[in-house]
Amino acid sequence: MVRRHGILFHLAGLAILAAALSACGLFKSEPKRLAIVYTNDVRGEIRSCGCATHDLGGLGRRATFVKVYRDTTKADFLLVDAGDFFSPSINYGKEKAEVTLKSMALMGYDAVVPGENEFSFGVEYFAARARAVGLPVVASNVVVAAADTLLFPASREATLSSGLRVGLVGVVSPTLKMPPQVAAGSLAIREPVAAVQAAVDALRPRVDVVVVLAHMNRGEVNKVAAALTGVDVVVNGHDGIPVRQVKRWGEPYVLQIAAKGLYIGAADATLGKDKRVAGIKNVVVGLGKTFRDDEAVAKLFQAYDLEVVAREKAVLPVGDAVTFAGANACQACHAPIFEQWKGTRHAHAFEVLTAQQREFDRDCTPCHTTGFFKEGGFVNAHATPQLSGVQCEACHGNGSAHAKDPKIKTDTVAKSTCRSCHTAEQTPEFDFATFWARIDHGSDSQAAGSR
Ligand SMILES: [Zn+2]
């Protein structure tokens, strides 16, 4: 008994010793793996594409993926973006930029490098808003020309959960075409290799792994990566062309995924005894419906929707500007066709948007309404609800003259219009014969004016 007690005591003593050593960091298991989750070229796509098949992407799903991955991986976890997460050429680009910044801050990005698109609403806007939401921006070669100082810190260091120390350096291409909101000559871009190498050399004594976030085209990033020493992984953005774990002997891995945030990259890096990246298993994950929108990001979407609705309502009253006749005008003479159309998905196209609270989303409405972008056509759900859905005139053209005088034909050949909405991206499986059969209403004797 005494002996047994002695052993027990001995074991308990060891446990206490282990706990004490662990608290000192001496007994911690060495890090073996590092998960680098990365995004690039999202270009303001805050929500999923809404495609009929392959509905992918969106900040809400991304946040859920990140949360689940971070909470369940046994590896150290790093989250980075390689730029162009804004876009100047989409509707409500600046409002979407706000949702993007706040969402990325919520996800806990470890570092981002700016692309030229991040300056689309002014240099100061991006710098101030990133600072305000706590999004860490790094760029070793973006210089405020007048002061000859870096606009953002060249690098930052992160100590991950196992104690692994990671250095993150940003770099952009000197050939980037800055948007018009950047005053000519106000920013200077220094030669990339020297700028990154200086930042890496400064970090190296203190960190285990170095990740460079680059924003340049494919040819440039390969050259820069080949010229650097002491770098483990380069995550690149700008052209949105996927690159998967390019590595030549002695050079860092280069990673990049396709544009628009439909996918997220998850590189599972194995670390060697020296804690440097020894190998990478790169996985590209499609952000499908299985990832439900994160609640906090969903709240940002709601606020964005309210803002858009308020602004859309403030636009116009359109009144007499509406010239499209609407399907009800067609019904009088083409009743059987009208009834047939009512059973098609075209007739209910707008309900798809309403169900997703996207009825004011101008990235969606053109293909779910009648006469959008055309004079006298759909404006918004508030001003022109009668032109919601893909009605007769969406395919046949404005029918107001025809409605008054059946001898006047509508001006569009319906069969020529399908591809304007059923694009290769939105409807990759589009096949004319199959799709036409779903909406085919033939012709009736009264439809002389219709084509
Ligand atoms: Zn770019």
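View 1. Along the chain, the donors of the zinc ion follow the spacing D-x31-E-x98-H-x22-H. As you explore this site, keep in mind that the model is a predicted one. The protein donors are Asp84 (OD), Glu116 (OE), Glu116 (OE), His215 (NE2) and His238 (ND1).

View 2. Look for Asp84 in the loop between β2 (76–81) and α3 (93–107), and for His238 in the loop between β10 (233–237) and β11 (243–246). Because of these positions, the pair ties together parts that are 154 residues apart in sequence. Is each of the two buried or partly exposed? Asp84 counts as buried, since its relative accessibility is 2% and the cut-off for buried is under 20%. His238, with a relative accessible area of 24%, is partly exposed.

**View 3. Strand β7 and its two partners.** β7 covers residues 165–172, and seven of its eight residues are buried. Strand β6 (residues 155–159) runs antiparallel to β7, and five bridges join them. Here you can find Arg156 standing opposite Leu168 of β7. β7 also pairs with strand β9 (residues 209–215), this time in the parallel sense, over seven bridges. Within that pairing, Val169 has Val212 of β9 as its bridge partner.

**View 4. The turn of the β6–β7 hairpin.** Five residues sit between the strands of this hairpin. Which residue takes a positive phi in the hairpin of β6 and β7? It is Gly163, with a phi near 100°.

**View 5. An open sheet of three strands.** The order is β5-β4-β8, and the pairing is antiparallel. β5 (149–150) and β8 (187–189) stand at the edges with a single partner strand each, so one side of each has no neighbour in the sheet. Strand β4 (residues 142–144) pairs with β5 over two bridges. Try to spot Val144 opposite Thr149 of β5.

**View 6. A cavity inside the protein.** The structure holds one cavity of 30 Å³ or more, and the largest cavity has about 30 Å³ of space. Among the residues lining it are Glu312, Phe360, Arg362, Phe372, Asn380 and Ala381. The lining divides into five nonpolar, two polar and four charged residues.

Note on methods. Residues are numbered from 1 along each chain as its sequence is written. This is a predicted model: local features need pLDDT of at least 70, side-chain atom pairs count only at pLDDT 80 or more; totals for chains, interfaces and linings use all residues. Side-chain values use heavy atoms; hydrogens and water are left out. Donors are N, O and S atoms within 2.8 Å of the metal (3.2 Å for Na, K and Ca); water is not among the atoms, so sites may look incomplete. Helices (H or I, at least four residues) and strands (E, at least two) are DSSP runs, numbered from the N terminus. Buried means under 20% relative accessible area, exposed over 50%, partly exposed in between (1.4 Å probe, protein chains only). Two strands pair if DSSP finds at least two bridges between them. On a 1 Å grid over the protein atoms alone, a cavity is a set of points where a 1.4 Å probe fits but cannot get out, and a pocket is an open set with protein on both sides within 12 Å along at least five of seven lines; lining residues have an atom within 4 Å of a point. Grid points are joined across faces, edges and corners, and a volume is the space filled by probe spheres set on the points. Ala, Val, Leu, Ile, Met, Phe, Trp, Tyr, Cys and Pro count as nonpolar, Asp, Glu, Lys and Arg as charged, and the others, Gly among them, as polar.
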